[in-house]
Amino acid sequence: MEEGNPSFTVDEALVGIGFGKFQLYVLAYAGMAWVAEAMEMMLLSFVGPAVQSLWNLSAREESLITSVVFAGMLIGAYSWGIVADKHGRRKGFIITAVVTFLAGFLSSFAPNYMSLIVLRCLVGLGLGGGPVLVSWYLEFIPAPHRGTWMIVFSAFWTVGTIFEASLAWLIMPSLGWRWLLALSSVPSSLLLVFYRWTPESPRYLILQGRKAEAQSILQKIARMNGTQLPKGVLRSEIEEKNKSLPTENTHLLKPEEESKIVADNNGPGFFLLTLLSPELIKRTLLLWVVFFGNAFAYYGVVLLTTELNNSQNSCHPTGEVLQHSSNDVNYKDVFIASFAEFPGLLISAATVDRLGRKVTMSSTLFLCCIFLLPLLTHQPPALTTALLFGGRVCVSAAFAVVYIYAPEIYPTAVRTTGVGVASSVGRIGGVLCPLVAVGLVHGCHQTVAVLLFEVVMFVSGICVCLFPFETSGRELTDTISTSKKPPSSSSV
């Protein structure tokens, strides 16, 4: 801060304003989006077995209902990330909300298998915008307690999964899967209702040179929270860097030129090449592996909960009368397993700021490997549910933390693209997961299926350990050049 001309950055403003009513509003809105995505993903565990019985589908056709959703998410996560980095966070997530709601609701009227496949792929395309909401929410949270409040945000996913399991338990036996699909699209519609009151990210605005708009939003946040902005004018990270003395790490471009390059380059290839630049390539590649492993493991545990407790499992009959109906899924076991995410969130909340992101992610991934080991062989139903419960505790904790760490390691210029591309790679894990969890288990290859999950999770844990730096308590960066070093810790 210069004498006689006080100024402050967005991070300093957010720390000064503190966490208050405004952030709770943003939390509620972004959280509703997270509930919507969780419900749309969780219902895949119920719709697959139901339509398999109705339309006499093969195991491959059933698994494709899940895989096409992830395929759509793979495309959407990359596309919406670019839209949000080019045109703003608000435009990014409103489009995704419209696509998700319309395709989700129309899925309930699907007359045949192919129409259901197309509509669920479109749902996945919309759900791919989830990382945009994550980045938008994170960019309003003060640095000192960002980890804790991101875990609170992750709790909305857990609420969504439990609500969907409860809804399926209530709806499926009597009204069927079409009603489940229709009711599960309601949360997405709420995002459209409250969209007009959502502000643009001040970080995005200041990076685009719209400093007055950014400061106006920060003033509104301060008023809503009953506090005041720091004295002076808002300055960008670029201006702050320009005032410092040159060092051996100073980039050759003038800072304002760097900002212009980011703003003016419109091609998708530019954003991807930036993620693979020398400054970002290590964290990008490691993050891709971790996202793949987390998605593969998380959805694998979710699908194994239904597949291993399915009364139609001909490999290890349970002695129950086999019947081809939606009741083939043990809704009670799925409902119980859904509650595993609460202790997972408590574990991550207790450790994410104290032990750090890296330690929390790696330890929970390794613990998940231990829980799934006994499932290499067939186990009694009660023990199977208990082991999958423990595995889900751990993998949900790891998944929650990776969604905190990912946007923290990228600068604002490519944050939503970086998280979006990583999420897209994770969706590849989601596409392959049903082929393993459903296909191999149906083919009586449970040992091979579980072994694959073990290997993927172990490799992911190793990659977490190789991440270049810890982000707990550190400020976010805005430009690529300031991302060459780990972001500085908050002074508060």
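The largest cavity in this predicted model has a volume of about 180 Å³.

Which residues lie nearest the centre of the largest cavity? They are W34, W157, F399, A400 and Y403, out of 14 lining residues. Helices α2, α8, α16, α18 (341–351) and α20 (381–408) each give two or more residues to this lining. The largest share comes from α20, which supplies 4 residues. By class, the lining of the largest cavity divides into 8 nonpolar, 3 polar and 3 charged residues.

Helix α8, which spans residues 146–171, also holds T158. Is T158 buried or exposed? T158 counts as buried, because its relative accessibility is 1%, and the cut-off for buried is under 20%. Beyond its neighbours within four places in sequence, T158 is in contact with S338, E341, F342 and L345.

Let us move to the second largest cavity, which holds about 140 Å³ of space. Of its 15 lining residues, A33, T96, T100, G126 and L191 lie nearest the centre. At least two lining residues come from each of α2, α5, α6 (113–127), α7 (130–138) and α10. The lining of the second largest cavity comprises 8 nonpolar, 6 polar and 1 charged residues.

I now come to the second largest pocket, with a volume of about 350 Å³. It is lined by 17 residues, and those closest to its centre are T198, P199, E200, I217 and K220. The elements that give two or more residues to this lining are α2 (21–42), α5 (89–107) and α12 (211–225). Of these, α12 gives the most, with 6 residues. The lining of this pocket has 8 nonpolar, 3 polar and 6 charged residues.

Where is P199 placed in the chain? P199 sits in the loop between α10 (186–193) and α11 (202–207). With 14% relative accessibility, P199 counts as buried. Leaving aside neighbours within four places in sequence, P199 is in contact with F22, R90, W136, F140 and I217. The C-alpha atoms of P199 and K220 are separated by 9.8 Å, and the two residues are 21 residues apart along the chain.

Finally, the nonpolar core. The largest one has 134 residues, and M41, L287, Y299 and L372 have the most contacts inside it. Helix α16 (residues 281–307) gives the most to this core, with 14 residues. As for L372, its contacts beyond four places in sequence are V301, L388, V450, F453, E454 and M457.

How values were computed: Residues numbered from 1 in each chain as written. Predicted model: local features only at pLDDT ≥ 70, side-chain atom pairs only at ≥ 80, totals over all residues. Heavy atoms only, no water. Buried < 20%, exposed > 50% of the residue type's maximum accessible area, 1.4 Å probe, protein only. Contact = heavy atoms within 4.5 Å. Core = buried A, V, L, I, M, F, W, Y, C linked by side-chain atoms within 4.5 Å. 1 Å grid on protein atoms, 1.4 Å probe; cavity = no way out; pocket = protein on both sides within 12 Å on 5 of 7 lines; lining within 4 Å. Points joined across faces, edges and corners; volume = space filled by probe spheres on them. Nonpolar A, V, L, I, M, F, W, Y, C, P; charged D, E, K, R; others polar.
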